[in-house]
Amino acid sequence: MARDHSLTARDLRKRYGDLDALNGFDLDVEAGTIHGLLGPNGAGKSTAVRALTTLVDLDGGTATVAGHDVRTEPHAVRRSIGLVGQHAAVDEILGGRQNLVMFGRLFGLAKAAARARADELLDSFDLTAAADRPVSTYSGGMRRRLDIAASLILAPAVLFLDEPTTGLDPRARNEVWNTVREIAARGTTVLLTTQYLDEADQMADRISVMNHGRVIASDTPNALKRQLGGDRVVVTLPRAEPLGPAAERLGTAVGGTALVDAETHTLTFEVGAGVVGLAEIVRALDATGIGPEDLLLRRPTLDEVFLSLTNATSSGTAPAADKEVVRR
Amino acid sequence: MNTLRSGWIITQRDLLHWVRQPWTPIFSLLFSVVLLLMFGLLFGGAIDIPGGGYVDFLLPGMLALTMMFGLETTTSAMANDAKKGITDRFRSMPIGSASVALGRVGADMANSAVELAVLIGGGLLIGWRITGDLGSAALAVLLLLALRFALLWVGVYLGLAFKGDSTTMAVQTLIWPVGFLSTVFVSAETMPGWLAAVTVWNPVSATATAVRELFGNPTGATSGILADHAVVLAVAWPVLITAVFLPLSAHAYRRLRA
């Protein structure tokens, strides 16, 4: 029988004092996909991961990981998962190889098998040269790779990564991204939490946006962006051209509203359908005699998606302060 | 069976630490030896113990004190693993829930056995002598290890229940007055009455006095409960401490899931 690599969570609840860390958390992750759990600090992402990996008890709800109930079969869940937590949870005094052998033996492998598996993993994570050095001498990226390797010893059905690139430099971040993509390509289901919108956009097949302990939107990255309306045309104006009047004149000409960003000296228009919208803007620029420095057609960013979603669900959240909307 | 095996693997991790960073255990051993020499040679002449030399009185006390200081090692090791996420990694793995504590017990008891051996060797070098029989001496060593074992659970509990660095610091600070408020360095009979009353009920005093008795060294206790029942107390205290703190440790470990 094929292993069940999927994950479902229904109405998960977890309370810490006055705080509902999980407040009706629902999630479906399809087998073999990378699922991004996106949200700000304190949204409940880590609590969700800790509940799904049997580290904390739930106050309510049901969750199944790789076909096993998190609450009634925690041991079976632990056999099917790998967890990469926020800290690189490896022993710093030991070498990389010693770490992997120790964790391998704890996963039930015999000594020889644990050594063989450690060598394999060291090789595929490019750590063989540093295998016998103490982990305290490793770079942040190497430590993270060792940490991920340690969670892959039994080839888990579901791999959890809790903010795996926090604190890493861009190069190390890219290494981790590539690693995770390779893992997913071999059939492991990946649930990845992140505060970085570009990370979720880059990595995930689907994204669930989380706020105040629940998922407020769940879709493919592209569909999420579409939810926010059409594409964007960004008009960069010469510094000599005053933004306000230009925004009004162009806005009137296309029958729309411009988002003004004084810092980059740009006007951003939401347009209906990609190229048609771009053409409209070009005609309006011609008609008003405004000569742009640059013109860019783009999809909405996840930042924009996130801001609009969280503003819709949490009252009192101020819109981005450095941008003002000019109405016609 | 599975839990014992996992516990042993976690113990081996600590034993490997000694191999990779031998200076840490060596320094902690040197510290005990220096303390022994300092008190034995420096203060020895000034402290009069009826029925023997000061070194004969001091060494069993130092052994008991060393067992007590082990509490600090246990607490900081537990707190460190919790802080660095290593405890969580263990908890997310398919191993018995007692494995983590068992691993700690194995490593710390091995550490303490080595410490005892070094201190006993050092004591023999500076003139300490065992005058009791071999069976009693063996029982003395067992009582010392029993104290370490009991306090180990205090350390596991403190490390699990209060994960912050401040706990480790508190233990490091408090362990000195508690250790000195005992019969390790001087007989309770030379103290003011109220202080002696407190000192007599310190578990370290019970073990120190019992071990002196069993090694055939001067006990510094001529009357009172320590003179009459030191060995019984040195068994009862560790049993009592373990009976309280082992369940508390198990509870604290379960509370990690809360």
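Visitor: In what order do the six strands of the open sheet in chain A run?
Guide: The order is S6-S7-S8-S3-S9-S10 in chain A, and the pairing is mixed. Keep in mind that this is a predicted model.

Visitor: Which strands stand at the edges of that sheet?
Guide: Strands S6 (81-84) and S10 (214-219) of chain A do. Each has a single partner strand, so one side of each is left without a neighbour in the sheet. From one strand to the next, the twist averages 15 degrees.

Visitor: In which sense do S3(A) and S9(A) pair, and over how many bridges?
Guide: Strand S3 (residues 34-38) and strand S9 (residues 206-211) of chain A are parallel partners, with four bridges. Take two positions. A:Gly36 has A:Ile207 in S9(A) as its bridge partner. A:Leu37 stands opposite A:Ser208 in S9(A).

Visitor: And in which sense do S9(A) and S10(A) pair?
Guide: In the antiparallel sense, over five bridges. The hairpin of S9(A) and S10(A) has two residues between the strands. In that hairpin, A:His212 takes a positive phi near 50 degrees.

Visitor: How many residues of S9(A) are buried?
Guide: Start with the general idea. In a regular strand, side chains alternate between the two faces of the sheet. Now the case here. Six of the six residues of S9(A) are buried, and the strand is mostly covered. A:Arg206, A:Ser208 and A:Met210 point one way. A:Ile207, A:Val209 and A:Asn211 point the other way. All of these are buried.

Visitor: Which helices pack on this sheet? Start with helix H1 of chain A: which strands does it lie across?
Guide: H1 (residues 45-52) of chain A lies across S3, S7 (158-162), S8 (189-194) and S9 of chain A. H1(A) runs at about 150 degrees to S7(A). Helix H6 (residues 170-185) of chain A packs on the sheet too, touching S3, S7 and S8 of chain A. The direction of H6(A) makes about 150 degrees with that of S8(A).

Visitor: What is the order of the open sheet of four strands in chain A?
Guide: S2-S1-S4-S5 of chain A, with antiparallel pairing. The edge strands are S2 (19-29) and S5 (68-69) of chain A, each pairing on one side only. Strand S4 (residues 60-65) of chain A meets S5(A) over two bridges, in the antiparallel sense. There, A:Thr64 stands opposite A:Asp69 in S5(A). H1(A) packs on this sheet as well, touching S1 (7-16), S2 and S4 of chain A. The direction of H1(A) makes about 115 degrees with that of S1(A).

Visitor: A single residue next. Where does A:Arg299 lie?
Guide: In the loop between strand S14 (294-298) and helix H11 (302-313) of chain A.

Visitor: Why does A:Arg299 count as partly exposed?
Guide: Count the C-beta neighbours. A:Arg299 has 17 inside 10 Å, so it counts as partly exposed. A residue with 20 or more would be buried, and one with 12 or fewer would be exposed. Leaving aside residues up to four places away in sequence, A:Arg299 touches A:Lys225 and A:Asp231.

Visitor: On to helix packing in chain B. At what angle do H6(B) and H10(B) pack?
Guide: Two packed helices are described by the angle between their axes and the distance between the axes. Helix H6 (residues 134-161) and helix H10 (residues 225-255) of chain B pack at about 25 degrees, with their axes 8 Å apart. H6(B) and H10(B) are therefore roughly parallel to each other. H6(B) passes H10(B) in a left-handed crossing. Among the residues making the contact are B:Phe149, B:Trp153 and B:Tyr157 of H6(B), and B:Pro238, B:Phe245 and B:Tyr253 of H10(B). The contact of H6(B) with H10(B) divides into 20 nonpolar residues, two polar and no charged.

Visitor: How many residues of chain B are in contact with chain A?
Guide: Interface size is often given as the accessible area lost when the parts come together. 19 residues of chain B are in contact with 23 residues of chain A. On the chain B side, helices H1 (2-20) and H4 (86-91) each supply at least two residues. H1(B) gives the most to that side, with six residues.

Visitor: How do the residues on that side of chain B divide by type?
Guide: Into seven nonpolar, five polar and seven charged.

Conventions
Residues are numbered from 1 along each chain as its sequence is written. Chains are lettered from A and ligands numbered from 1 in the order in which they are written. This is a predicted model: local features need pLDDT of at least 70, side-chain atom pairs count only at pLDDT 80 or more; totals for chains, interfaces and linings use all residues. Two residues are in contact if their C-beta atoms, placed from the backbone, lie within 7 Å. Ala, Val, Leu, Ile, Met, Phe, Trp, Tyr, Cys and Pro count as nonpolar, Asp, Glu, Lys and Arg as charged, and the others, Gly among them, as polar. Axes are lines fitted to C-alpha atoms, for helices over the stretch in contact, and angles run from 0 to 180 degrees between N-to-C directions. Angles under 35 degrees count as roughly parallel, over 145 as roughly antiparallel, 65 to 115 as roughly perpendicular and the rest as oblique. A crossing is left-handed if the near helix is turned anticlockwise from the far one by less than a right angle, and right-handed if clockwise. Two strands pair if DSSP finds at least two bridges between them.
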